[in-house]
Amino acid sequence: MQHLRNDEVRKIGVYGMAGIRKTSVAKVVSNKLLNGVNNFNILVWVTISRKCSVIITEDKDETLRAGMLFKILSKKVVKMEPLPEADAWTLFSEKVGQNLINFVDLLPIARSIIECSAGLLLVIVIVASSMTAENSLPIWRNAFVELN
C-alpha cells in the first residue's frame, strides 16, 4: 500500500516463487482499492503464466527475452519472499490448531516439515491444515516423507 501512496508509481508488479501467496496479497490490495481506500480511475489485473511469450526485443531467443524482462522488472517490482523460519513455525503451529509442545515426539518431525516447506505459505497452510488435531507419530512421519 505504501507504493500506492507514492504519486510517482504508475505500475506495480509482484513476482516470486510458486506458493508464496502473490495472488492472495494482490487480491487483498485489489479489494482495498475497489472499496475506495484510494482514488484510482483504473485498476488493471494481469496474470502472466510461466509459459508466457514476451516480445521486448526483435531477438528470437525466448530465454534471452525472458532474462531481459526479469532484469527490468526486478528493479521495479515488489518481490514476495518466503517466510522466515520463525514465522513459518508460528503459522504452522497456529494452523495445526494444537499445542505441539505437548507432543515432544512430534516436534522434530514438525520442524523438518517446516524446513522442507522452504517458507512457502501455501505449503505450510496445506500441510498444517491436514495435520490438524493429529497426534499419531507414524502419520506425521508419513506427512514429512510425502512432502519431502
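Helices (H or I, at least four residues) and strands (E, at least two) are DSSP runs, numbered from the N terminus. On that basis the protein chain reads β-α-α-β-α-α-α-α from the N terminus on, with six helices and two strands.

This is a predicted model: local features need pLDDT of at least 70, side-chain atom pairs count only at pLDDT 80 or more, and totals for chains, interfaces and linings use all residues. Residues are numbered from 1 along each chain as its sequence is written, and side-chain values use heavy atoms, with hydrogens and water left out.

**Whole chain.** Start with the surface. Its accessible area is about 10900 Å², 55% of it from carbon and sulfur atoms (Shrake-Rupley method, 1.4 Å probe; for residues, only the protein chains shown count as cover). Of the 148 residues, 20% count as buried (buried is under 20% relative accessible area, exposed over 50%, partly exposed in between; 1.4 Å probe, protein chains only).

**The core.** Next, select Trp89, Phe92, Val96, Leu100, Ala110, Ile113 and Trp140. Within the largest nonpolar core, of 17 residues, these touch the most other members. Such a core is a set of buried Ala, Val, Leu, Ile, Met, Phe, Trp, Tyr and Cys residues joined through side-chain atoms within 4.5 Å. Helix 3 (85–96), helix 4 (107–117), helix 5 (121–130) and helix 6 each give two or more residues to this core. Helix 3 gives the largest share, five residues.

Now show Trp89 and Phe92. Both lie in helix 3, three residues apart, about one turn of the helix. Trp89 is buried at 15% relative accessibility, and Phe92 is buried at 1%. Rings of Phe, Tyr and Trp (its six-membered ring) pair if their centres lie within 6.5 Å; planes under 30 degrees apart count as stacked, over 60 as edge-to-face and the rest as tilted. Phe92 sits in helix 3 and Trp140 in helix 6, so the pair ties together parts 48 residues apart in sequence. Ring pairs link Trp89, Phe92 and Trp140 into a cluster.

**Start of helix 6.** Finish at Leu137, in helix 6 (residues 137–147). Is Leu137 buried or partly exposed? At 22% relative accessibility, Leu137 counts as partly exposed. Beyond its neighbours within four places in sequence, Leu137 is in contact (heavy atoms within 4.5 Å) with Asp105, Leu106 and Ile109. The C-alpha atoms of Leu137 and Leu106 are 6.3 Å apart, across 31 residues of sequence.
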